Amino acid sequence: MLRIGLVGADNFHALAFSRLANLPVSEGGCGLPVRVTMLWGESEERAAFVAKEAQIPAVVSDPSEMLGNVDAVMIVLRRGDAHCAAALPFLRAGIPTWVDKPFTTDVSEALQIIAEAQKSGALLAGGSTCKYCPDVLRLRDRYLAMRAQGGVLSAGFNFPGHLDSPYGGLYFYCGHTAEILTTVFGPDVRSVKADVTAGNVIAVFKYDSLAVCVNLADSEQYFGMLYGPDTVEVLPIDTSTIYRHGFEKFVQGVLAGTAPEPYETLVRPVQILNALAEAAETEREVFVAPPRV
């Protein structure tokens with residue numbers, strides 16, 4: 001039985017992942033040989049709630065208490081700027097580690113996390129679970145098919161993004177946006193422009209031969225749009241199963257000893273987020289830095 005420790009309880013992801021691990025299949029559990037056995041939370045009250053709801057046997061007063069007592073750890077803090085410091089002790093101990101979205105808010109911290117994983121040999125995964133969403137993958141496949149059959153003139157999708165989020169502004173939700181973008185249209189974004197009107201952000205991500213318009217308005221229904229020379233396709237994006245898909249990918253990766261994705265896929269979204277945040281602040285076109293690993 002794989003024992004997982006969770007660092008962070010405020011984020012809904014903590015409750016979703018631990019339910020998948022600890023509840024029976026009949027109640028929504030994933031059925032894999034895994035249990036969340038330890039939890040650290042930002043507040044005692046929230047940690048106690050998550051532990052009760054998901055049947056987690058131990059709540060610890062410090063994440064370091066998990067060292068030597070878990071087989072893997074998931075960092076699910078809401079603020080991406082706290083992820084590096086939380087992940088490093090576990091990676092240095094060689095413990096497989098999931099670092100939630102946004103992976104970080106700083107490219108140098110993302111590279112430091114990867115360097116420590118490579119040094120110790122610890123499996124590393126994380127970011128947005130939206131990259132495993134079946135509808136996101138369906139949108140990718142349709143985009144590639146349309147491009148092969150005559151081209152895509154432009155494209156777009158919508159996903160929430162909050163300029164004033166207390167958990168890092170656009171970084172909080174737009175970790176999802178960046179990874180939907182890279183999953184569907186690829187990592188080679190050249191630049192981004194953003195318009196802020198009535199608190200909503202519309203961003204245009206430019207590739208060499210394509211512009212992708214992303215509406216970051218706070219809607220609860222998501223769609224992707226593909227515009228071809230003689231057709232327009234609108235595809236729904238249902239994200240209701242992303243926690244299950246992401247959690248299962250991580251657990252299966254740990255059990256097999258193989259990371260779900262190459263490490264560079266964790267860094268590129270951070271670079272895109274940095275450019276998006278600057279573009280929204282300045283309302284100028286911002287070029288995305290070259291990929292780094």
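Which helices each supply at least two residues of the lining of the largest cavity? In this predicted model, the answer is helix 6 (170-185) and helix 8 (264-282). The structure holds one cavity of 30 Å³ or more, and the volume of the largest cavity is about 40 Å³. Its lining is formed by K101, P102, F103, G127, G175, E179, L266, P269, V270 and L273. Helix 8 provides the largest share of this lining, with four residues. Sorted by class, the lining residues comprise six nonpolar, two polar and two charged ones.

Two of the lining residues, K101 and P102, are also joined by a cis peptide bond, for which omega is near -15°. P102 lies in the loop that runs between strand 5 (97-100) and helix 4 (107-120). A further backbone feature occurs at Q55, which is not a glycine but has a positive phi of about 60°. Q55 belongs to the loop between helix 2 (44-54) and strand 3 (58-59). Most residues other than glycine have a negative phi, and most peptide bonds are trans.

Helix 6, which contributes to the cavity lining, also packs against helix 5 (residues 134-149). The angle between helix 5 and helix 6 is about 40°, and their axes are 8 Å apart. The crossing of these two helices is right-handed. On the side of helix 5, the contact is made by V136, L137, L139, R140 and Y143; on the side of helix 6, I180, T183, V184 and F185 take part. The residues of this contact fall into seven nonpolar, one polar and one charged.

By class, five nonpolar, two polar and three charged residues make up the contact of helix 3 with helix 4.

Another helix pair is formed by helix 1 (residues 12-22) and helix 7 (residues 242-256), which pack at an angle of about 65° with their axes 10 Å apart. Angles of 65 to 115 degrees count as roughly perpendicular, and helix 1 and helix 7 are therefore roughly perpendicular to each other. Helix 1 and helix 7 cross in a right-handed sense. The contact involves F12, H13, A16, F17, L20 and A21 of helix 1, together with Y243, R244 and F247 of helix 7. Seven of the residues in the contact of helix 1 with helix 7 are nonpolar, one is polar and one is charged.

Technical notes:
Residues numbered from 1 in each chain as written. Predicted model: local features only at pLDDT ≥ 70, side-chain atom pairs only at ≥ 80, totals over all residues. Heavy atoms only, no water. Axes fitted to C-alpha atoms, helices over the stretch in contact; angles between N-to-C directions. Parallel < 35°, antiparallel > 145°, perpendicular 65-115°, else oblique. Left-handed = near helix turned anticlockwise from the far one by under 90°. Contact = heavy atoms within 4.5 Å. Nonpolar A, V, L, I, M, F, W, Y, C, P; charged D, E, K, R; others polar. 1 Å grid on protein atoms, 1.4 Å probe; cavity = no way out; pocket = protein on both sides within 12 Å on 5 of 7 lines; lining within 4 Å. Points joined across faces, edges and corners; volume = space filled by probe spheres on them.
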